[in-house]
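Please open the structure in your viewer and keep the sequence panel beside it.

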Amino acid sequence: LEFRRVLFRSVVEKNSHIFIEVRILEKNLAKEYYSIGKKPDSLETIEFTKPISNSFSNKVVKAFYKVIDLHSKTNKPISYQDANGDVHLRLYDGPIYEFTLKDNDSWSSAKIEYDLDPTDFRYTVAITNLRLINDMKNGTFSESKYEIYK
């Protein structure tokens, strides 16, 4: 999944059943963009859907709320001031983690654009979600495998 945008798309309810949906871009967009020098014509995705329990769904939602709350308390500013008083933009070239929740008509989100410590709860959720996505892709998804959602 290197250099690809991966979406832990959603937890949805359909016909009184709950499903987890994942989308993965089919193409490596960065590689395609730099090799041919133009934007790709389409965004083809592979989609995976699995039924999940109400309990697992609630734990995923609870973890996302916690991530968003932690982010709101620790968000780093986009600029900083050096010892001379000069203001600089904070530049970051690494993974960006986005967490979004829609509860009825209300949206909550966190866009984390800085390195996370491996002991940070937000990092643990992000890494767990990548593992969950790979498991969905490989057909090895099982609710019991993800400690953060137990």
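If you follow the cartoon along the sequence, the elements come in the pattern β-β-α-β-α-β-β-β-β-α. Residues are numbered from 1 along each chain as its sequence is written, and side-chain values use heavy atoms, with hydrogens and water left out. Keep in mind that this is a predicted model, in which local features need pLDDT of at least 70 and side-chain atom pairs count only at pLDDT 80 or more, while totals for chains, interfaces and linings use all residues.

**The whole chain**

Of the 150 residues in the chain, 27% are buried, where buried means under 20% relative accessible area, exposed means over 50%, and partly exposed lies in between (1.4 Å probe, protein chains only). Among contacts (heavy atoms within 4.5 Å) between residues at least 6 apart in sequence, 52% join residues at least 24 apart.

**The nonpolar core**

Next, hide the surface and select Phe56, Phe99, Leu132, Phe141 and Tyr149, which touch the most other members of the largest nonpolar core, a group of 27 residues. A nonpolar core is a set of buried Ala, Val, Leu, Ile, Met, Phe, Trp, Tyr and Cys residues joined through side-chain atoms within 4.5 Å. Two or more residues of this core come from each of strand 2 (17-25), strand 3 (45-52), helix 2 (54-74), strand 6 (97-103), strand 7 (106-112) and helix 3 (121-138). Which element gives the most to this core? Helix 2 does, with six residues. Keep Phe56 selected and show what surrounds it: leaving out residues up to four places away in sequence, Phe56 touches Ile20, Leu132, Phe141, Glu143, Tyr146 and Tyr149.

**Arg122**

Move to helix 3 and select Arg122. Is Arg122 buried or exposed? Arg122 counts as buried because its relative accessibility is 5%. Its side chain makes a polar contact with the side chain of Asp120 at 2.6 Å; a polar contact is a pair of N or O atoms within 3.5 Å, and within protein one must be able to donate a hydrogen and the other to accept it, with residues adjacent in sequence counting only if both atoms are side-chain atoms. Apart from neighbours within four places in sequence, Arg122 is in contact with Val67, Leu70, His71, Thr74, Phe99, Ile112, Tyr114 and Leu116.

**Strands 6 and 7**

Select strand 6 and strand 7 together, and you will see an antiparallel pair joined by seven bridges; two strands pair if DSSP finds at least two bridges between them. One place to look is Tyr97, whose bridge partner in strand 7 is Ile112. The hairpin of these strands has two residues between them, and in this hairpin Asn104 takes a positive phi near 60 degrees. Then select Lys111, which lies in strand 7 and is partly exposed at 42% relative accessibility. Lys111 touches His71, Ile96, Tyr97 and Glu98, not counting residues up to four places away in sequence. Although Lys111 and Ile96 are 15 residues apart in sequence, their C-alpha atoms are 7.0 Å apart in space.

**Salt bridges**

Side chains of opposite charge can pair when their charged atoms come close. The whole structure holds six salt bridges, each a side-chain nitrogen of Lys or Arg within 4 Å of a carboxyl oxygen of Asp or Glu. Select Arg23 and Glu47, whose side chains meet in one of them (3.0 Å, N to O); this pair links distant parts of the chain, with Arg23 in strand 2 and Glu47 in strand 3, 24 residues apart. Arg23 is partly exposed at 27% relative accessibility, and Glu47 is partly exposed at 40%.

Continue to Lys73 and Asp69, where the closest N and O atoms of the salt bridge are 3.1 Å apart. These residues are separated by about one helical turn, because they are four residues apart in helix 2. Lys73 is exposed, at 63% relative accessibility, whereas Asp69 is partly exposed, at 36%.

Finish at Glu147 and Lys150, whose side chains meet in a salt bridge (3.0 Å, N to O). Glu147 is exposed at 59% relative accessibility, and Lys150 is exposed at 53%.
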